Amino acid sequence: MTRDWHEHLTRGVLVGALVGALGVVGCTTTPVRQDGLRVAAAVNSAVDGELALPVSGARPVTPARPVGPWSLSQAVQWTLLENPQVSLQLARLDGAQAERVQAGLLRNPMLSLMALRPTGGGRYELDYGLMQGLSELLTRSRRRAAADAAQRRTEMEVVLQLVRLAQDTEEAYAGALLAQAQLRLQQKQLLLEEQVLALLQSQARQGVLPTSTVFEQQAIASMRAHEVRTAEAAELHTRGELALRLGLASAQGLVLPETLPAWEVPDLEAPALQVWAIAHRADLQVATAAVDQAVAERALQTGGVRTTEPALGLAGTREAGGDSLKGLALQLTLPVFDTGQARLQLADAQVAQAKFGAESLRRQASLEVESALASLIIARLAVGHADHHLLQQEQLEHLARQTYEQGVSGLLSYRQASLLRLASALDRLQTQQMFWMAVIALERATGIAGAMPTNP
């Protein structure tokens, strides 16, 4: 009697301890979410400005649409607040959080019941058991570590996409402004060509010029008209691209400034920018998170627990004769065929791939910074030369206008000087476009948007 009572007490203590441990682990609270704050902080560090991102359904108040021309900062901030692509990317954080919660849960216990009856009738024999896998319990910290690494990688992928969206908005904004300025210059060119054509037609009627000269000018005016139509189509396309980046349903009513904003780029050095890029580029942080995730997955997929997959529970038998047996049951998977060696090799290969990929991306980032900075320096010099050439053409136009007003030269010479000035203005516009694209390329290489780092 005393021995039976002792065995019953021991079994009860073991069962109570097992159930209590499983209950504590399986019913832990959901981890506190900090991913939205981390993403917002990372985006704000990469983008010039303090932004409120619509994280986890908590959508901020829609900002007021600018009444006047859109500035570059307003366009970027509007994009990160109103573009549906932002909410699409941020929705990935909910999935990563769900995966993190799932990683902390235990597998549901398995109940088995078997009833056997002798041939010809009689009492049933019952075999029953309640088993709980221990793999999830013993590897819970490893699963949490793998889920945290996966969540960190997802966060940095979201940051990467949001920063790229801001950079795409800058590129679309610059493209729309440049297309608008180019269209207006070409419209002025067409107007001047038509004025020259009218002047030549008047002189041809007076017999001063041959008719062939008029025909040549008509061909030039037709070519200019075709260029204006092409520029109008390009301007509409770039405005549509900007409206798409802003998340607008229509480009109607999208007012842009008349002139390009001044972009002061400080003197930068390639080594300092390369260090900055390696420390701040989101894609490099994604690669680093991928390495951490591969290492965590290796720890999770290898080891004795993963190979044997133990399970512990209660088992019992009630025989047909009325005898009843109860006790603890242990199940182990015997590593006869699958010893885990292939999983270990696969995990090692994935870790090596992640590390080599991260190193390759770091070297690529250094080269991209070096190339983008060299292109920016060349573009800045080209803008200076274009400004000087435009200034010379403006002076020549001014002299041509003075000589025309004094009666020294004719109107045709004055119009030709104006056309040369507009042509140099178009050349300057192209160099400005090259400069803007070089700035944005350097931003992409360094992983920021909105402004160059003054102290990288």
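Let's start with Trp70, which is buried at a relative accessible area of 1%. Here, buried means under 20% relative accessible area, exposed means over 50%, and partly exposed is in between, using a 1.4 Å probe and protein chains only. This is a predicted model, where local features need pLDDT of at least 70 and side-chain atom pairs count only at pLDDT 80 or more, while totals for chains, interfaces and linings use all residues. Residues are numbered from 1 along each chain as its sequence is written, and side-chain values use heavy atoms, with hydrogens and water left out.

Now for the ring pairs. Rings of Phe, Tyr and Trp (its six-membered ring) pair if their centres lie within 6.5 Å; planes under 30 degrees apart are stacked, over 60 edge-to-face, and the rest tilted. That rule gives two aromatic pairs. In one of them, the ring centres of Trp70 and Trp78 are 5.3 Å apart and the planes sit at 80 degrees, so this pair is edge-to-face. Trp78 is buried too, at 10% relative accessibility.

Tyr404 and Tyr414 also make an aromatic pair, and this one is stacked, with 6.0 Å centre to centre and 15 degrees between the planes. Tyr404 belongs to helix α11 (residues 341–405) and Tyr414 to helix α12 (residues 411–446), so the pair ties together parts ten residues apart in sequence. Helices (H or I, at least four residues) are DSSP runs, numbered from the N terminus. What about burial? Tyr404 is partly exposed, with a relative accessible area of 35%, whereas Tyr414 is buried at 15%.

Key: Helix = DSSP H or I, 4+ residues; strand = E, 2+ residues; numbered from the N terminus.
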